[in-house]
Amino acid sequence: MTDAAFRNFIDGRFDEPSATFDSIDPSTGAPWAKMPAATEADVDRAVEAAHRALHSGPWASMTATARGKLLVRLGDLVAANAGRLAELETRDTGKIIRETRAQIAYVGDYYRYYGGLADKHEGAHVPIDKTDLDVTIRREPIGVVAAVVPWNSQLFLSAVKLGPALAAGCTVVLKASEDGPAPLLAFAELVSKAGFPAGTVNILTGFGQDCGRRLTSHPLVSRVAFTGGPTTARAIVRNTAENLAYTTLELGGKSPVVVFADADLDSAANAVVAGIFAATGQSCVAGSRLLVERSVKDSFLDRLKRKAEAIRIGDPQDPATEMGPLATLRQRDRIESIVADSLADGGRLITGGARPKDRTDGFYYAPTIIEASDQALACMREELFGPVLTVLAFDTEAEALTLANDTPFGLASGVFTSNLGKAHRMARDIHAGVVWVNTYRAVSPLVPFGGYGQSGLGREGGLDAIRDYTRSKSVWIKT
Ligand code: NAD
């Protein structure tokens with residue numbers, strides 16, 4: 001694909017953009033492609049096309065089984081084009097090729113899963129206490145969906161929205177992030193190839209302040225599915241005061257990983273390192289707060305330090321690279337500033353804390369570990385979205401639980417122990433939408449995902465996600 005090919009996809013057509021912006025290659029810091037900047041007028045056309053497709057034309061009268069087949073075909077096309085999509089995502093976001101390949105390999109499964117469910121999502125018959133009235137509950141598509149995603153894992157974060165929305169019979173306008181939109185704009189070609197009727201799925205990119213705001217406040221939008229940061233989430237909620245759209249929010253985290261002394265420490269160390277440094281820490285579920293039992297703290301930190309210093313940092317397109325750059329300069333500036341504040345406030349640097357010396361171009365930052373003596377440090381409280389692990393020791397199970405829950409977030413968590421009772425107690429009492437025990441970062445289309453507290457509202461994944469894209473209609477018939 002050449003850069004000339006990046007276009008917004010509206011009403012079944014690839015548009016000539018009226019304005020463009022430069023997309024930056026994070027491994028060099030230089031522009032590499034022009035991206036279309038959707039205007040508010042483009043957003044209006046996309047939403048109107050989605051509204052038309054919802055109410056008239058082939059999609060509106062298509063059976064659920066036929067809709068499901070289109071979704072399965074799309075899943076197959078994603079799988080068949082995974083290599084090209086992975087290369088584009090790596091180029092545009094700096095996420096390393098072995099990670100984009102591994103993730104896109106299962107994105108197709110999400111479309112196939114929801115395709116299979118499209119005709120298995122049933123309404124109900126209600127046995128009310130009357131013999132002359134028959135009540136059924138129909139489940140109807142909720143309407144036009146505005147899906148807004150951040151730059152990290154855009155193909156995956158779109159699949160968990162488009163899959164259930166299309167299975168439910170909705171139509172969608174998907175806004176790719178202005179940072180790294182290339183893989184989603186390329187994905188639009190697969191939507192077109194799969195044969196979805198014009199207007200069913202519209203994909204565009206542009207800036208949050210105009211294009212994102214117009215999309216999420218549009219009067220013809222009934223459902224907003226957002227993934228991104230908490231400040232944007234608040235802006236989105238204000239936008240939806242205009243259209244009263246039903247909204248789900250998948251936000252950030254400061255996920256605790258609790259390592260007890262009785263754990264298999266080698267396996268826990270591997271999981272902790274992958275849990276924080278994968279995707280250069282730019283993952284909503286990054287295990288960024290390590291709570292480790294004091295009796296093993298020093299030996300565990302030694303293991304982590306050795307592993308962090310052995311990580312091969314380099315060109316994200318090289319399959320041997322284990323950690324790439326941050327996606328944007330803005331990201332690296334923010335991380336540098338929070339790390340500096342945390343060290344000035346008493347954090348003890350175990351490793352990292354600087355740009356790698358041999359990487360002068362691009363937005364690189366070394367894997368960093370900081371030890372804290374309480375949870376007051378900024379790097380313990382704020383989501384950095386970077387390769388920074390903060391470590392705090394605890395003495396008892398009760399203290400570990402209190403520390404784990406001492407955060408306004410509640411997205412993911414990890415517990416490492418060989419004690420079954422302890423594992424069950426921690427899993428029950430941790431305030432987070434996901435608890436991984438003796439593992440980290442496992443995902444499946446079959447399993448719901450979402451946060452507690454400031455980490456969000458609603459769930460994506462699993463059976464129930466389809467229901468969230470429907471509304472019920474109660475039909476009372478006098479018999
Ligand atoms: P962001 O909130 O800055 O941007 C997300 C999207 O919102 C972009 O497409 C942007 O253009 C759009 N946007 C910005 N302002 C808007 C407005 N006023 N109205 C409508 N849309 C607007 O997020 P980011 O920096 O790109 O991504 C990082 C954040 O995403 C982190 O906080 C991370 O934890 C979170 N995230 C969460 C999950 C999850 O599933 N919970 C997954 C990945 C990332």
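Biologist: Where does UniProt place the feature "active site"?

Modeller: The UniProt record, an unreviewed entry, places that feature at Glu250. UniProt positions are given in the numbering used here, feature names are shortened, and annotations may be inferred rather than shown by experiment. Residues are numbered from 1 along each chain as its sequence is written. This is a predicted model: local features need pLDDT of at least 70, side-chain atom pairs count only at pLDDT 80 or more, and totals for chains, interfaces and linings use all residues.

Biologist: Which strand does Glu250 lie in?

Modeller: Strands (E, at least two residues) and helices (H or I, at least four) are DSSP runs, numbered from the N terminus. Glu250 lies in strand E11, residues 246-250.

Biologist: Is Glu250 buried or exposed?

Modeller: A residue is buried if 20 or more other C-beta atoms, placed from the backbone, lie within 10 Å of its own, exposed if 12 or fewer, and partly exposed in between. Glu250 counts as buried because it has 27 C-beta neighbours inside 10 Å.

Biologist: What does Glu250 touch?

Modeller: Contact means that two C-beta atoms, placed from the backbone, lie within 7 Å. Leaving out residues up to four places away in sequence, Glu250 touches Phe226, Thr227, Gly450, Gly451, Gly456 and Glu460.

Biologist: And which residues of helix H9 are buried?

Modeller: They are Ala268, Ala269, Ala271, Val272, Val273, Gly275, Ile276 and Phe277. Their cover includes strand E12 (256-259) and helix H10 (294-310). Just after H9, Ala279 takes a positive phi of about 55°.

Biologist: How many helices and strands are in the protein?

Modeller: It has 15 helices and 20 strands, and buried residues make up 52% of its 479 residues.
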